[in-house]
Amino acid sequence: MATLLTPRSARKPPETPAAPRQRGTFDPRGPQPRKIGSTSPGSPALDAVELGSTRLSVPVGLHTGLGCDAVGVPARFGFKILSRLPAKGCVYADSDWWWWLVPARSDLDLCWPLPACYAPGAEIPDRGPRLIHHPDGTSPYTPPIPLYLLVCQLTGIAPAWPAPPVGSAL
């Protein structure tokens, strides 16, 4: 889950004290953001509020038979990655993050380096992402291995795969 930090001074106090709700009960105020955590009472800092999420939608005419996940990177890496990839699928962007569609389970045996973010089901924080690159063919996917290698290169992290078990049959 993504969190948005807001200063305490910028938040409005609740109009009425919220009574604890039981699971499955109706709340006439509608869905409310949940607080994830807060700082210690003595510090003047920030409270974290959960953001909603959205699923990236695949444009009509593209085949998603392999399922969809997404890999996000901070916007400062976006143009560098897009310009260096040999094959590009659907790319989405908002003001802070760029997201590439990859086949489902592209995180299998891969540890995507920080600050990259892997989003199963292509469900990402709802910051109003929009499609900025449409692929030429009928596949919405960016090949995950070249994307992984570029993210590793830009973040200065050495790519790492688990070593396969070695055995001999003599």
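This is a predicted model: local features need pLDDT of at least 70, side-chain atom pairs count only at pLDDT 80 or more; totals for chains, interfaces and linings use all residues.
Me: What makes the phi of Ala122 worth a look?
Reply: Phi of Ala122 is near 55°, a positive value in a residue other than glycine. Most residues other than glycine have a negative phi. Ala122 is in the loop between β8 and β9 (123-125); strands here are DSSP runs of E with at least two residues, helices are runs of H or I with at least four, and both are numbered from the N terminus.

Me: Which class does Arg105 fall in, buried or exposed?
Reply: Arg105 is exposed, because its relative accessible area is 57% and the cut-off is over 50%. Arg105 is no glycine either, yet has a positive phi of about 65°, and its place is in the loop between β7 and β8.

Me: And Ser106, buried or exposed?
Reply: Ser106 comes out at 9% relative accessibility, so it counts as buried. Ser106 also belongs to the loop between β7 and β8. Leaving aside neighbours within four places in sequence, Ser106 is in contact (heavy atoms within 4.5 Å) with Asp69, Trp112, Tyr118 and Pro144.

Me: What is the peptide bond from Leu114 to Pro115 like?
Reply: That bond is cis, with omega near 15°. Most peptide bonds are trans. Pro115 sits in the loop between β7 and β8.

Me: What makes β5 and β7 a pair?
Reply: Two strands pair if DSSP finds at least two bridges between them. Six bridges join β5 (residues 69-74) to β7 (residues 97-102), so the two strands qualify, and they run antiparallel. Asp69 stands opposite Val102 in β7.

Me: How do you know that β6 pairs with β7?
Reply: Three bridges link β6 and β7 in the antiparallel sense, and Ala93 has Trp98 in β7 as its bridge partner. The two strands form a hairpin with three residues between them.

Me: Why are β8 and β10 said to stand at the edges?
Reply: Five strands form an open antiparallel sheet in the order β8-β5-β7-β6-β10. β8 (117-119) and β10 (130-133) each have a single partner strand, so one side of each is left without a neighbour in the sheet.

Me: Why is β7 described as largely enclosed?
Reply: Six of the six residues of β7 are buried, so the rest of the structure largely encloses this strand. Trp97, Trp99 and Leu101 are buried on one side, and Trp98, Trp100 and Val102 on the other.

Conventions. Residues are numbered from 1 along each chain as its sequence is written. Side-chain values use heavy atoms; hydrogens and water are left out. Buried means under 20% relative accessible area, exposed over 50%, partly exposed in between (1.4 Å probe, protein chains only).
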